[in-house]
Amino acid sequence: MKKSSIKLVVLFVTLFFVAGVLSAGSIANQTVLYTVPAIYEIAVTGAPTLTIAAPAAGALPTEVTDSTSAKYAITTNGSGLKITGKLADAMPTGVILKINIANPTTGLPTSDVTFTAATAVDLVTGVTQIAASNLAITYKLSTTLAAVVVSSSKVVTLTITDTANTVFP
């Protein structure tokens with residue numbers, strides 16, 4: 001009786017595994033895990049140089065423009081974003097630096113924007129899901145007669161933010 005019970009158990013176990021293998025069928029399901037990260041990428045190229053020429057006697061210095069040396073590229077899958085610009089510190093007294101960046105086709109550009117102190121200024125608003133490159137950055141430099149004699153440089157930081165000025169990693 002024991003031998004027949006053992007044989008019966010072995011037979012059922014064998015049939016169970018064979019049936020499981022045979023019933024695997026032609027369809028199988030698999031779970032695929034994936035991640036699409038938030039993308040907030042901006043890069044600049046070029047090295048604009050702006051030099052005010054000495055004016056003729058009785059004339060004021062003329063504003064100079066560089067609209068060919070600097071470019072930017074942007075890639076984002078976000079919506080309702082903006083590009084801001086900022087200097088690390090203020091321009092010297094009487095020296096005025098302006099910026100105007102090309103619209104990356106999904107945003108609303110501002111006109112020339114003057115940098116004041118180290119405060120971020122909106123350059124383009126309404127940026128949504130865009131990948132664009134070789135976009136122009138125009139810089140303008142002007143002076144008043146109160147400008148001190150100076151030869152220096154400033155780092156301009158462009159940042160993609162949302163309307164609450166959140167800076168993304």
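## Salt bridges, core and surface of a predicted model

Lysine 98 is partly exposed, with a relative accessible area of 22% (buried means under 20%, exposed over 50%, partly exposed in between; 1.4 Å probe, protein chains only). The structure is a predicted model, in which local features need pLDDT of at least 70 and side-chain atom pairs count only at pLDDT 80 or more, while totals for chains, interfaces and linings use all residues. Residues are numbered from 1 along each chain as its sequence is written, and side-chain values use heavy atoms, leaving out hydrogens and water.

The structure holds four salt bridges, each a side-chain nitrogen of Lys or Arg within 4 Å of a carboxyl oxygen of Asp or Glu.

| Salt bridge | N to O distance |
|---|---|
| Aspartate 89 – lysine 154 | 2.6 Å |
| Lysine 140 – aspartate 112 | 2.7 Å |

Aspartate 89 lies in the loop between β3 and β4 and lysine 154 in the loop between β8 and β9, so this pair ties together parts 65 residues apart in sequence. Helices (H or I, at least four residues) and strands (E, at least two) are DSSP runs, numbered from the N terminus.

The largest nonpolar core has 26 residues; such a core joins buried Ala, Val, Leu, Ile, Met, Phe, Trp, Tyr and Cys residues through side-chain atoms within 4.5 Å. Tyr72, Ile74, Ile83, Ile99, Ile101 and Ile137 touch the most other members. Strand β8 gives the most to this core, with six residues.

Threonine 159, in strand β9, counts as buried at 19% relative accessibility. By contrast, valine 32 is exposed at 60% and lies in the loop between α1 (2–22) and β1 (40–45).
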